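I opened this entry to note a few look-ups in one model.

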Protein chains: 6
Amino acid sequence: MRIRLINPNTTVSMTEAMTACARAVAAAGTEVSGVSPGMGPASIESHYDEALAVPGLLQEIARGEREGCDAYVIACFGDPGLSAARELATGPVIGIAEAAMHMASLVAPSFSVVTTLARTSGMAWHLAERYGMQRFCRNVRACEIAVLELENPASDARARITDECRRALAEDGAEAIVLGCAGMADLCAAISRDIGAPVIDGVTAAVKLAESLVALGLATAKRGELAPPLPKAYHGLLKEFSRP
Amino acid sequence: MRIRLINPNTTVSMTEAMTACARAVAAAGTEVSGVSPGMGPASIESHYDEALAVPGLLQEIARGEREGCDAYVIACFGDPGLSAARELATGPVIGIAEAAMHMASLVAPSFSVVTTLARTSGMAWHLAERYGMQRFCRNVRACEIAVLELENPASDARARITDECRRALAEDGAEAIVLGCAGMADLCAAISRDIGAPVIDGVTAAVKLAESLVALGLATAKRGELAPPLPKAYHGLLKEFSRP
Amino acid sequence: MRIRLINPNTTVSMTEAMTACARAVAAAGTEVSGVSPGMGPASIESHYDEALAVPGLLQEIARGEREGCDAYVIACFGDPGLSAARELATGPVIGIAEAAMHMASLVAPSFSVVTTLARTSGMAWHLAERYGMQRFCRNVRACEIAVLELENPASDARARITDECRRALAEDGAEAIVLGCAGMADLCAAISRDIGAPVIDGVTAAVKLAESLVALGLATAKRGELAPPLPKAYHGLLKEFSRP
Amino acid sequence: MRIRLINPNTTVSMTEAMTACARAVAAAGTEVSGVSPGMGPASIESHYDEALAVPGLLQEIARGEREGCDAYVIACFGDPGLSAARELATGPVIGIAEAAMHMASLVAPSFSVVTTLARTSGMAWHLAERYGMQRFCRNVRACEIAVLELENPASDARARITDECRRALAEDGAEAIVLGCAGMADLCAAISRDIGAPVIDGVTAAVKLAESLVALGLATAKRGELAPPLPKAYHGLLKEFSRP
Amino acid sequence: MRIRLINPNTTVSMTEAMTACARAVAAAGTEVSGVSPGMGPASIESHYDEALAVPGLLQEIARGEREGCDAYVIACFGDPGLSAARELATGPVIGIAEAAMHMASLVAPSFSVVTTLARTSGMAWHLAERYGMQRFCRNVRACEIAVLELENPASDARARITDECRRALAEDGAEAIVLGCAGMADLCAAISRDIGAPVIDGVTAAVKLAESLVALGLATAKRGELAPPLPKAYHGLLKEFSRP
Amino acid sequence: MRIRLINPNTTVSMTEAMTACARAVAAAGTEVSGVSPGMGPASIESHYDEALAVPGLLQEIARGEREGCDAYVIACFGDPGLSAARELATGPVIGIAEAAMHMASLVAPSFSVVTTLARTSGMAWHLAERYGMQRFCRNVRACEIAVLELENPASDARARITDECRRALAEDGAEAIVLGCAGMADLCAAISRDIGAPVIDGVTAAVKLAESLVALGLATAKRGELAPPLPKAYHGLLKEFSRP
């Protein structure tokens with residue numbers, strides 16, 4: 001089974017780190033290939049960044065289709081372009097926020113999300129609502145850590161994130177933690193050990209959900225909302241996205 | 001007051017038609033200028049189309065800012081890129097679905113949306129939820145008319161839309177109609193006369209809301225979620241979206 | 001265009017103050033006339049006060065209809081008698097809580113209401129729910145200022161309201177403020193300047209919404225729930241409300 | 001125990017009929033006295049009627065307090081003035097819509113309301129939401145029978161209501177029926193027998209709830225929202241409502 | 001009228017205490033008999049305890065049916081087995097959480113639940129949702145008192161519960177208190193006096209609701225979800241539950 | 001990895017059939033063992049059946065713990081005893097309704113449940129609400145097929161279920177189908193082929209989710225609600241459930 005892990009930002013070192021996490025949980029027969037789009041933002045920290053990450057992401061879905069991928073993971077906690085990607089792809093597409101929240105709801109009656117910048121909290125709440133997970137979500141907490149700071153080994157990011165996780169358990173009454181950024185994937189096990197509660201990372205969770213759907217023979221419903229995009233001309237810079 | 005009406009698809013004839021409608025309701029001192037982006041889809045009928053309309057839309061917001069626009073209207077019923085546009089713009093930005101639904105809730109206890117293709121119904125429901133308007137929305141009804149068919153004078157689109165509006169009153173118990181496509185703006189008055197109930201078009205509604213906000217001295221809150229996008233490098237085809 | 005601003009309490013000085021605010025934002029061709037009913041409470045601070053303000057309000061709507069008013073604003077934050085007024089009036093009727101909340105949701109992802117007495121908070125929450133605005137409302141905060149104290153220039157009301165607005169931003173994470181009393185209309189601009197966030201006053205917001213609806217040719221749907229009241233005899237003190 | 005049953009309309013024959021129903025279910029030691037206000041509408045079939053029924057209702061609460069009543073029932077399915085009445089009264093006040101819906105939820109997983117005029121359906125839905133009963137309410141069905149037609153022995157009202165109840169069971173999947181008008185109280189047992197499902201009348205349900213609360217020593221919470229109305233001057237026709 | 005009060009745990013002293021409370025509020029003609037099942041847990045403080053209390057409870061319902069009981073009260077705040085009991089019983093069955101929450105909503109715009117162990121808070125919230133009472137429930141507060149500690153006269157349980165009730169009023173803004181354990185029934189009046197707000201105990205509330213339903217001739221709807229269980233073989237330890 | 005599949009009814013032929021389905025999707029290293037409890041109902045078709053299936057189910061969880069199982073699947077669409085099982089088990093426990101609904105929401109914007117008897121529809125709706133999946137669930141449709149009829153090769157059950165699935169797509173606008181009974185597991189692939197839409201069976205979906213959680217190192221949060229049951233005496237028939 002071939003799973004394409006798409007990091008929608010263009011920071012390749014981050015893509016490599018999360019791909020390593022993904023491979024560590026993949027089943028024997030699963031091949032995970034990680035990619036970053038050729039266009040878009042270096043990190044995603046606003047609606048603007050998110051919107052402009054989507055064209056590159058869709059290009060990667062189109063390439064994955066040509067290369068015969070069985071499923072896709074969108075590895076940014078805003079799940080950018082998820083519905084559009086599902087229209088394009090034949091196999092399942094999973095967002096990491098979606099994956100983490102669903103998995104969290106299977107192991108705990110409540111969770112809090114611990115994320116990077118406060119300005120993205122609203123997006124996390126909005127996703128929780130869309131996925132039906134709002135009822136499990138006690139809080140969305142920001143550490144005010146920039147996404148790319150997670151890449152910096154000299155940063156105290158891990159300690160600050162762990163502290164925020166502890167506060168979530170104590171103050172929110174959350175019983176599990178959802179990590180709110182793909183760049184936190186490699187911290188998951190250590191934080192869980194430190195705080196003594198389940199910590200769910202969306203990258204690895206999404207890989208297992210994608211594998212599961214493929215194993216079950218399930219793919220996106222193509223009647224109705226998520227049917228392939230209609231043939232149509234695109235203009236200007238984006239003319240290569242035209243659908244014949 | 002200068003209001004920029006952005007039709008996020010690239011079909012200029014449609015932009016002209018809706019700009020005419022907008023001007024017909026604008027106040028004496030309001031100048032409405034209508035534009036289409038230089039890149040993107042000819043019409044918006046899927047999540048894929050919507051995602052790819054956003055970069056061009058954001059370019060137009062950026063241009064509007066340079067040109068000193070006081071407010072913006074996003075003239076596609078999916079309200080694509082609304083939050084990202086609000087991050088970029090100094091003045092208010094209004095989506096036409098948002099405008100139509102809010103206005104409908106002020107004149108009727110319930111409404112139904114009458115739109116083009118059934119595959120976009122889910123998006124309309126999603127917007128109704130986001131805006132808090134779900135409780136007023138009885139149904140989203142599709143006429144299965146392609147967006148560009150609305151441009152064709154030989155089409156029976158108007159009759160089919162009017163019929164669907166009548167069914168909405170009779171079958172859904174709706175007390176008003178929200179037109180679910182910017183391309184229907186010029187049909188609004190005639191349909192209202194034909195069916196004897198309020199019919200709300202988002203293009204004109206959004207122009208009046210934008211005017212109202214400017215008159216009240218209100219603009220998008222810049223603390224928190226909708227602060228200006230952070231300085232950041234963009235790569236590839238989209239490098240011109242970099243923020244210094 | 002003639003807009004009738006009805007202050008449902010009988011305190012004429014308050015009516016004059018809010019009428020001045022309304023006129024300051026009205027468009028060139030709009031004539032705003034402010035009235036207080038001839039019967040009812042001096043201020044509205046309970047369900048009892050609110051219920052007893054409604055007959056006088058309805059009398060003013062009936063008078064407005066005879067005088068050819070195009071639209072009405074109900075200028076008390078509880079929006080008393082709104083549905084009954086809509087049954088009576090030919091043109092649109094807007095409540096100031098309704099107006100402020102809708103406008104707030106167009107400029108910010110969240111707001112808190114800052115109001116007079118804590119005992120009225122439940123009414124504000126109830127209105128937020130009815131209008132679909134509960135999802136945007138982070139908190140309803142009371143300053144424990146009596147309504148008529150707002151009229152007293154020697155009072156420290158403005159300072160206390162401003163403080164409460166600041167706390168709403170800091171503690172609730174609200175990104176905008178809705179003022180919860182018509183008597184605060186004249187404080188709106190100053191508080192916004194002081195706290196550096198959008199502050200929405202319902203009186204002025206409602207005037208612009210009423211103007212907008214009239215410009216769009218929209219009036220209350222008269223099929224169903226808001227059809228004119230049926231002909232009927234009224235007895236006793238209220239016999240003048242009989243409908244022939 | 002003294003329970004005051006207030007029919008908020010001025011039609012005394014209807015008051016007498018519902019008082020008889022109330023007495024039939026009252027406990028041995030309960031004295032039920034039925035009254036109609038001296039002012040207000042002959043029947044309640046709109047928001048306008050409802051608003052104008054409230055002053056007379058509040059007068060009756062005030063009288064009841066002077067006469068030492070232990071509890072009150074507001075016997076109109078719109079539960080007009082319920083919160084204001086609770087502010088005034090020392091003992092519990094129960095609305096009949098409230099009573100019927102709560103009781104229905106104790107004997108069936110779902111109910112439909114069968115009421116008089118379709119224009120009042122929205123009010124019933126609104127009450128269901130306020131009381132938390134929306135999740136149990138499958139439908140609100142109107143028979144298009146005027147309230148006073150229920151008083152007419154020559155009318156086919158009973159047959160039409162029974163038919164509508166049967167349709168509610170068959171088409172809505174409702175498992176119980178809530179009668180949507182105090183004027184239907186005397187039909188309750190017969191309809192239940194005819195349709196073979198629980199039928200709940202609010203008048204009798206409210207009497208039992210009022211009795212229960214008094215027996216439990218429970219009365220309206222007087223901290224916060226439902227504290228007694230503040231001392232205040234009332235003007236004009238309503239000056240007798242002033243609170244010293 | 002014969003009401004069977006079933007304490008679903010096997011601690012007979014607790015059954016006796018709550019039966020005394022029940023009798024103190026029962027009407028003249030009502031006979032309340034209290035029972036504990038012959039099998040199950042000594043107290044109910046987890047999902048496991050709750051699940052294993054249900055068979056014994058159902059046995060008591062079956063016995064009550066043979067003995068001609070008119071109604072049943074399930075006297076544990078988790079309302080264990082309520083739907084199954086309703087399938088079995090001819091007359092009404094009331095849970096004490098259900099009863100207390102409904103009654104609280106009739107006397108106050110909001111309540112907090114004060115219960116025993118924090119681990120059961122989730123169940124209380126879940127019940128509030130099921131009964132439509134979530135909108136009235138401000139908080140569920142635990143005193144970390146084991147259920148059987150309530151039986152111990154030397155314990156400081158009453159003082160700790162009273163303190164928690166006071167905090168609920170002050171910190172949650174609750175206007176009434178719902179006691180979250182049948183074992184607190186005898187504290188109800190004293191705590192209400194101490195804190196000066198309505199305190200609702202479910203045992204006594206349920207008795208009055210059961211009496212009321214019987215007086216109204218209402219019993220569980222037997223169409224659909226709560227029809228009698230189908231004839232069926234049961235195996236092993238539970239074979240006596242087989243339905244012929 | 002050892003997954004224990006517990007069919008909570010006592011019909012062993014059904015256990016065998018679903019175990020075969022489970023094994024067909026399990027990963028290479030996963031060993032699935034299917035069991036039926038030694039006590040309880042032959043099939044689960046009411047709240048009564050469900051309640052009485054739980055003790056046997058909990059016995060199997062306890063046995064699984066002694067035998068070192070890594071995860072559990074509860075293979076009845078009512079997910080009976082799920083929370084109690086989670087308290088007992090060290091590893092994850094997944095219900096099949098939960099699994100099917102979550103998986104469906106990952107491949108389609110909406111689904112309908114197609115189940116056996118109409119009287120169980122309310123339970124399916126209730127689970128959808130608990131899991132946050134109500135927003136995706138268009139309808140719950142019953143075929144009025146008894147659970148054990150699914151075992152009968154001469155029955156026309158498959159054709160009737162397939163017809164109901166087709167109606168769900170056409171009439172509900174559902175884009176995927178969730179099968180509402182573990183006994184339908186072996187029909188899943190064939191029905192999906194016949195109707196041309198994703199069909200999700202909970203048994204296989206739960207096995208993949210259980211595998212995924214184990215692979216991710218995730219187990220039920222043991223702080224708070226789902227901590228192990230407290231030590232406690234159980235009496236009578238159930239004394240063997242005592243916790244030391």
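The model is predicted, and I read every value below with that in mind.

Next I listed the secondary structure of chain A, which has eight helices and ten strands. Its radius of gyration is 17 Å, close to the 18 Å from the globule rule for 244 residues, so chain A is as compact as a globular protein of that length. The C-alpha trace of chain A spans about 55 × 35 × 30 Å along its principal axes.

I then turned to a helix pair in chain E. Helix H6 (residues 157–172) and helix H7 (residues 188–195) of chain E pack with axes 10 Å apart, at an angle of about 45°. That angle makes H6(E) oblique to H7(E). The crossing of H6(E) past H7(E) is right-handed. On the H6(E) side, the contact residues include E:Ile161, E:Cys165 and E:Leu169, and on the H7(E) side they include E:Ile191 and E:Asp194. I sorted the contact of H6(E) with H7(E) by class and got six nonpolar, one polar and three charged residues.

Last, I checked C:Leu226, in the loop between helix H8 (202–215) and strand S10 (234–235) of chain C. Is C:Leu226 buried or exposed? C:Leu226 counts as buried because its relative accessibility is 4%, under the 20% cut-off. Among the residues C:Leu226 touches are B:Pro109, B:Glu175, C:Arg86 and D:His47.

How values were computed
Residues numbered from 1 in each chain as written. Chains lettered and ligands numbered in written order. Predicted model: local features only at pLDDT ≥ 70, side-chain atom pairs only at ≥ 80, totals over all residues. Heavy atoms only, no water. Helix = DSSP H or I, 4+ residues; strand = E, 2+ residues; numbered from the N terminus. Buried < 20%, exposed > 50% of the residue type's maximum accessible area, 1.4 Å probe, protein only. Contact = heavy atoms within 4.5 Å. Axes fitted to C-alpha atoms, helices over the stretch in contact; angles between N-to-C directions. Parallel < 35°, antiparallel > 145°, perpendicular 65-115°, else oblique. Left-handed = near helix turned anticlockwise from the far one by under 90°. Nonpolar A, V, L, I, M, F, W, Y, C, P; charged D, E, K, R; others polar. Rg over C-alpha atoms; globule rule 2.2 N^0.38 Å. Lists of a residue's contacts leave out its neighbours within four places in sequence.
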